[in-house]
Amino acid sequence: MDYTVTEQNTAAPADEPRRQQFFIEKCRMYTEDFRIRQGRAPSANIRTFGCQMNERDSEKLRGILVCAGYEITDREDADLVIYNTCTVRENANLKVYGRLGYLNGLKKKNPHMRIVLCGCMMQEKEVVNKIRKSYPFVDLIFGTHNIWQFAELLFRMQESREMLVELWDSTDKVVEELPAQRTYSFKSGVNIMYGCNNFCTYCIVPYVRGRERSREPKDILREVEQLAADGVAEIMLLGQNVNSYGKTLEHPVSFAQLLQEVEKVEGIQRIRFMTSHPKDLSDELIEVMAGSEKICPHLHLPLQSGSSRLLGKMNRHYTKEGYIALCEKLRSRIPDLSLTTDIIVGFPGETEEDFLETLDVVRTVRYDSAFTFIYSKRTGTPAAQYPDQVPEEIVKDRFDRLLALVQETGREQISRFEGQTQPVLVEHVNTQDASLVTGRLANNLIVHFPGDASLIGQIVPVTLTECKGFYFMGERKIG
Ligand code: SAH
Ligand code: SF4
Ligand code: F3S
């Protein structure tokens, strides 16, 4: 198919986002042509790995695809398959390589099929070299810095038979106002900043997501207002370290100030945010949370390790004692606050004593739940060079002990809500039992209770009848 004639007739505008809108139109011509020839629209499947940032990015990719005339499908043998990748731990990469072989088999059966890889993993040179060499059937690769160019790249890919690779090393550009297709009608992520400047020594995110850039408050508020007008009840403000939001803006604004503005948007009923770095959590934020009707009483506060010695080596800028004191202050100002966390086991040089400090923090803080990770060596990060990597069997043993403790304390902690009636935002029909629906309490706990699809998106009172560990079974309270 050749669209170069139209290309010559109307040159692509140089300014964004008009340029991308121009290419969305071009892609639309392609999908219309496909529809005429095949008697159906081309289908597209997006698979997202990693964190909420990637989930949100995928919503933007999906928005562009829908505008361009693609039909979104769950089927993996679609005409366009996109993997939005993560590279935070080696496992995430292995999953992608594993799936690619399988996709190649599907591609052989569907002559229309095109394969696109994007996201954090693509920002690593070794990964792209490996794909060029071992997975030559991939059609398009782009990265995190130029994701907003998707329409243009998609169009160029359709015209080319070669693998198209477009990667930027960094960017200071934020392109707004492109379409997004949300996964849920009633809740949405909102990026408030991109990138990360913290360089925790184990972490690859700053290398693949670039330097920290905050969005202007007015742009964020406009997006939140649009979402509210669209019927969204819950928003999650997204950033790798929301507590440092706004510091580098021309007119600096604190995260707490931003929250107060967001709170004023009518229609928004719940406000969440991810992630909070303990080192930058201000008293101002605690006070704003304490006085707020809409900010959910939940804080995800990654600990990473309970050993002050290791925290230093991780470049986290807080100590065990400082972290515990912060949690105590939070709990005293925000009663019933749910605290959750991330913990890494087996960071280089971790001794049994260091590990026992981590267990001690888990016992002292009493998290509602915790994500526990085995340390994964990431090429290019300082910790990958540390000589004293911990043997696998020791790490595995510590991981099991930590998980057992986290489960035990989590269960004890959340059972405090048993018998209470709390507002629940209903998210979906239960995947295992269609007579139940699944929703979330303000503190992010999950509850399953009898109900049907008509409740989705509503906030209803539910009595928490039985604690099942990390979640609850409940009954809707009527009247
Ligand atoms: N910006 C967030 C975290 C983003 S990554 C923050 O600072 O809290 C999510 C989690 O992955 C981290 O909190 C950490 O626990 C884990 N993680 C990051 N790099 C890792 C690595 N190399 N090995 C194991 N876990 C890692
Ligand atoms: Fe990674 Fe640390 Fe940045 Fe979080 S704050 S993304 S753990 S470097
Ligand atoms: Fe993964 Fe990138 Fe998020 S590395 S955790 S998808 S920022």
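**Reading a ligand shell and a helix**

By class, seven nonpolar, four polar and four charged residues form the shell around ligand 1. Nonpolar here covers Ala, Val, Leu, Ile, Met, Phe, Trp, Tyr, Cys and Pro, charged covers Asp, Glu, Lys and Arg, and polar covers the others, Gly among them. This is a predicted model, in which local features need pLDDT of at least 70 and side-chain atom pairs count only at pLDDT 80 or more, whereas totals for chains, interfaces and linings use all residues. Residues are numbered from 1 along each chain, and side-chain values use heavy atoms, without hydrogens and water.

User: Which residues are the closest to ligand 1?

Analyst: A residue is near a molecule if one of its heavy atoms lies within 4 Å of it. Here 15 residues surround ligand 1, and the closest are Gln-240, Pro-302, Gln-304, Asp-342 and Ser-376.

User: What lies 2.7 Å from an oxygen atom of ligand 1?

Analyst: A polar contact is a pair of N or O atoms within 3.5 Å. The atom in question is a polar side-chain atom of Asp-342. A nitrogen atom of the ligand is 2.8 Å from an N or O atom in the side chain of Gln-240.

User: Which residues of H14 are buried?

Analyst: Buried means under 20% relative accessible area, with a 1.4 Å probe and protein chains only. In H14 the buried residues include Val-395, Phe-399, Leu-402 and Ile-414. The buried residues of H14 pack against elements including helix H12 (320–333) and strand S13 (338–345), where contact means heavy atoms within 4.5 Å.

Notes: Chains are lettered from A and ligands numbered from 1 in the order in which they are written. Buried means under 20% relative accessible area, exposed over 50%, partly exposed in between (1.4 Å probe, protein chains only). Helices (H or I, at least four residues) and strands (E, at least two) are DSSP runs, numbered from the N terminus. A polar contact is a pair of N or O atoms within 3.5 Å; within protein, one must be able to donate a hydrogen and the other to accept it, and residues adjacent in sequence count only if both atoms are side-chain atoms.
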